[in-house]
Amino acid sequence: MDFEKLAARLFPKEYPALEWYEERYPLRALEKGAEVTRLAPSPTGFIHLGNLFVAIANERIAHESGGVLYLRIEDTDLKRKVDGAVEAVIAALKYFDIQFDEGAEIGGSDAYAPWYQRQRAEIYHAYVKELVRRGRAYPCFCTEEELAALREVQTANKEITGYYGKYAKWRDAREEEVYAALDAGKPYVIRLRSMGDPAHKFTFHDEIKGDVTVTENDQDVVILKSDGIPTYHFAHAVDDHLMRTTLVIRGEEWLASLPIHLELFDTLGFRRPKYGHNCSLMKMDGASKRKLSKRKDPELSLSFYRQEGYHPYAVKVYMLTLLNSDFEEWHLKFPEKPLTEFKFRISKMSKSGALFDLDKLNDISKTELSRLSAEEMLAFLKEWAMEFGTEEEKGYFADEGYLLKALTLCMGIGGKKRRKDFITAKQAMEELRYFFAAPARRDEYRVDGETRAAILSEFLSSYSAADDAQVWFAKVKEVASKLGFAAEMRDYKADLAAYKGSVSDVAEVLRIATTGRANTPDLWTIMQILGEECVVARIKAAI
RNA sequence: GGCCCGUUGGUCAAGCGGUUAAGACAUCACCCUUUCACGGUGGUAACAUGGGUUCGAUUCCCGUACGGGUCACCA
C-alpha cells in the first residue's frame, strides 16, 4: 500500500507541516510547577453539580499553581448541540465563580484559539493526514449495520467486542478495494491502526486514583468520523497537546478509554499530560447508588440551584468539603478567610464516589447565609427575586431601607446574634412575607376562639409601640394572668392543673395574629418594625 | 459477562502495624428560652467477609461478597 498516495487521495488539501503547529502553539511560558487545566464541556446546555465539582478542582489547581484554566467547547457531536448552550454553560459557571483565564467567549488571550472544536477541523486533518502517510491510520468503509453484526458475533462467541485485530476488516485491505470503495463514493471513517498488545498490561500513575493497571489498547478506534469531524479521543489528544494542557482532570468514566488516549499521544509523538480521574458525585436511586445523570436528575442541574436561590458561595463550600477532606476543618477554623487561601491538593481528592447530601448542603447554606452582612444579604435576595421571585416579592424591594431594617433587627443578619433561618433566597423571601403583606394564616391557633379574642382585645387595650421589650413583655404577662394563664413558666410547670396554659400560649396567639405563623423571630422586634398602626390593624382583623 | 476501580457509623470522612477508632451533617436527650432559629452539654451509631503475614492487624497480601465505572462514527 502506497500510504503517501492514499493520504493525498483522502486529504487532497496541503496542510502546514506539523512543526508549524508546534511553533504556532508554543509551550506556555509559565513557572515550573504551574499547571494548565481545562474544562471541556459539550454544548448540550445542561450542566450539573458533577460538572461544577470537576470545574472547581480544575480551577483551584490551575490557579493555586500559578497556571491557567481555559474553556474549550467540544462541539464535535452535532446531534447533541443545543442553541445558546455555550452561553448557558458559561453563565452557570460564572454564577458559581469559576474564573477562566482564556477560552471560548472568555475574552482572555486567544493565543491557543480557536476554542471550538468545529473550528479546528483543519488542524485535525493535518494530523490525520500525517498518520495516514505513516500508515498509522486508514479508511474504513464499514456500515453501522456491519459493525452491529460484528458485535453480535463477538458477543455470541464471548469475545471482546470491537474493531481490532482480525476483525479489523479494512485494516489491511488491498489497495484496489480501498480505491474502489473511494471511487464508488462510499462514506468512510478514519481509524487508528493500533499497535497495542492486549496481553500487555502496565501500571499508570493517576494523580487521583494512584497506580492503576491498564491494558494496552488494540482497538482500531475511529479518529475521524464520516463527516470529517474527529471523535473525542482524537480531538482530546490534538487539542490538549496544542493547547499545552499539563493536567487533565476529568470524570472517572474516562478511565476506561485512557489506553486509547495514551496510544494516541504516543503515536502522534506528543508528550502525555498528567491525568487525574476523579470519582463522580453519586446519588441514591432507590436502594442503590449511582452517578449523577443529566437525564435522570434534572433537579441536580446548576440552574436548579440558581432557581432555588442557593448562595453560590455555599454550594462552592459544599463542593470543596467533598473535594478535599480537610477543607471542612480548615473552613471551620478560618471562616473569614477567602477560599483561595485553602491549600487545595489533588492528592487529597477521594478515590471513591461521594453521595450527594442535601442535608449537608442545607446546613452549610444556613451557616454561610448567616455570615453575610445585611447589605450582602439584601443584594443577594434582590438579585434572586428580580429573576425568579413573584411580582409581590419584587415589590418588597421598593423600600430597601425597610427591608434592611427587618433583616438586621429581626433576622439578626449581619449582627452578633446570628440566626440561621434561611437556606435559600426563595425560602427567605417566603419567611419575610409577613413584613409586607397582611398575614395569610399558615399555622393554626391552639386555644379556642373565645379565649383568643379575649387575649387579643386585652393585649390591644394596653399595647403601645413606645414600650421597650421588657415593658412589652410585662404587659403580655399581665394579659396572661388576667385570663388564667401562668405568667411564669416556672409556676406553670410546677402546677399544670392550676392554669389554662402559660404565657407562651398567649404569646403564640399574638404571634399568629400578627404574622400568621406560630414560629417567628422575636415578636416584640417584629411589632417594632411593622409599626403600631399595622400591628393594631392586624390584631383587630384577627379578632 | 470481560476489564478497571472502590468498601471505616444513616451521610461526608480522619486514620497510613499497637488509638478509649477523630471531626462535620443527620438523629436522640437535656440545658437556654414567650415560639422558632441560634448556642451549650451529653448520647446512640462504623473498620463488608474469610483466609494468611506478624508478638500484634482498620492499616500489608490473597480470595469472596457488595457497590461503582466502562465496553459507540456520544462526550
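Residues are numbered from 1 along each chain as its sequence is written, while chains are lettered from A and ligands numbered from 1 in the order in which they are written. Because the model is predicted, local features need pLDDT of at least 70 and side-chain atom pairs count only at pLDDT 80 or more, whereas totals for chains, interfaces and linings use all residues.

Chain A is assigned domain 1 (296–369), domain 2 (372–435) and domain 3 (449–542), the bounds being taken from an automatic or database domain assignment. The C-alpha centres of domain 2 and domain 3 are 26 Å apart. Their contact takes 8 residues from domain 2 and 7 residues from domain 3, two residues being in contact if their C-beta atoms, placed from the backbone, lie within 7 Å. On the side of domain 2 that touches domain 3 there are 6 nonpolar, no polar and 2 charged residues. In this classification, Ala, Val, Leu, Ile, Met, Phe, Trp, Tyr, Cys and Pro count as nonpolar, Asp, Glu, Lys and Arg as charged, and the others, Gly among them, as polar.

The largest nonpolar core comprises 74 residues. Such a core is a set of buried Ala, Val, Leu, Ile, Met, Phe, Trp, Tyr and Cys residues joined through C-beta atoms within 7 Å; a residue is buried if 20 or more other C-beta atoms lie within 10 Å of its own, exposed if 12 or fewer, and partly exposed in between, with C-beta atoms placed from the backbone. Leu52, Phe53, Ile56, Tyr318, Met319 and Leu323 have the most contacts inside this core. Its largest share, 9 residues, comes from helix 3 (residues 49–64). Helices (H or I, at least four residues) and strands (E, at least two) are DSSP runs, numbered from the N terminus. At least three core residues are drawn from each of domain 1 and domain 2. Leaving aside neighbours within four places in sequence, Tyr318 is in contact with Lys360, Leu361 and Ile364.

Around RNA strand B there are 64 residues, of which Glu74, Ser325, Ser352, Ser504 and Ala507 come nearest. A residue is near a molecule or strand if its C-beta atom, placed from the backbone, lies within 6 Å of it. Among the elements that give two or more residues to this surface are helix 6 (144–156), helix 11 (312–323), helix 13 (358–370) and helix 21 (503–515). By class, the surface near RNA strand B has 19 nonpolar, 20 polar and 25 charged residues.

An open sheet is formed by 3 strands in the order 1-2-3, with parallel pairing. Strand 1 (36–39) and strand 3 (102–103) stand at the edges with a single partner strand each, so one side of each is left without a neighbour in the sheet. Strands pair if DSSP finds at least two bridges between them. Strand 1 is joined to strand 2 (residues 68–71) by 4 bridges, and Leu39 stands opposite Leu71 in strand 2.

A further parallel pairing, over 5 bridges, links strand 9 (residues 247–251) and strand 10, with Ile249 opposite Gly276 in strand 10. Of the 5 residues of strand 10 (residues 274–278), 4 are buried, so this strand is largely enclosed by the rest of the structure. In helix 9 (residues 258–267), the buried residues include Pro259, Ile260, His261, Glu263 and Leu264. The cover over the buried residues of helix 9 includes strand 5 (189–192), strand 7 and helix 8 (232–242). Gly269, with a positive phi near 75°, follows helix 9.

Glu393, in helix 15 (residues 391–395), is buried, with 23 other C-beta atoms within 10 Å. Apart from neighbours within four places in sequence, Glu393 is in contact with Ala385 and Met429. Glu393 and Glu430 are 37 residues apart in sequence and 8.4 Å apart in space, C-alpha to C-alpha.

Most residues other than glycine have a negative phi, and most peptide bonds are trans. The loop between strand 3 and helix 5 (121–133) contains Pro114, and the peptide bond from Ala113 to Pro114 is cis, with omega near 0°. Glu105 also lies in the loop between strand 3 and helix 5; its phi is positive, near 60°, and Glu105 counts as partly exposed, with 13 C-beta neighbours inside 10 Å. Lys158, in the loop between helix 6 and helix 7 (175–183), has a positive phi near 55° and counts as exposed, with 6 C-beta neighbours inside 10 Å.
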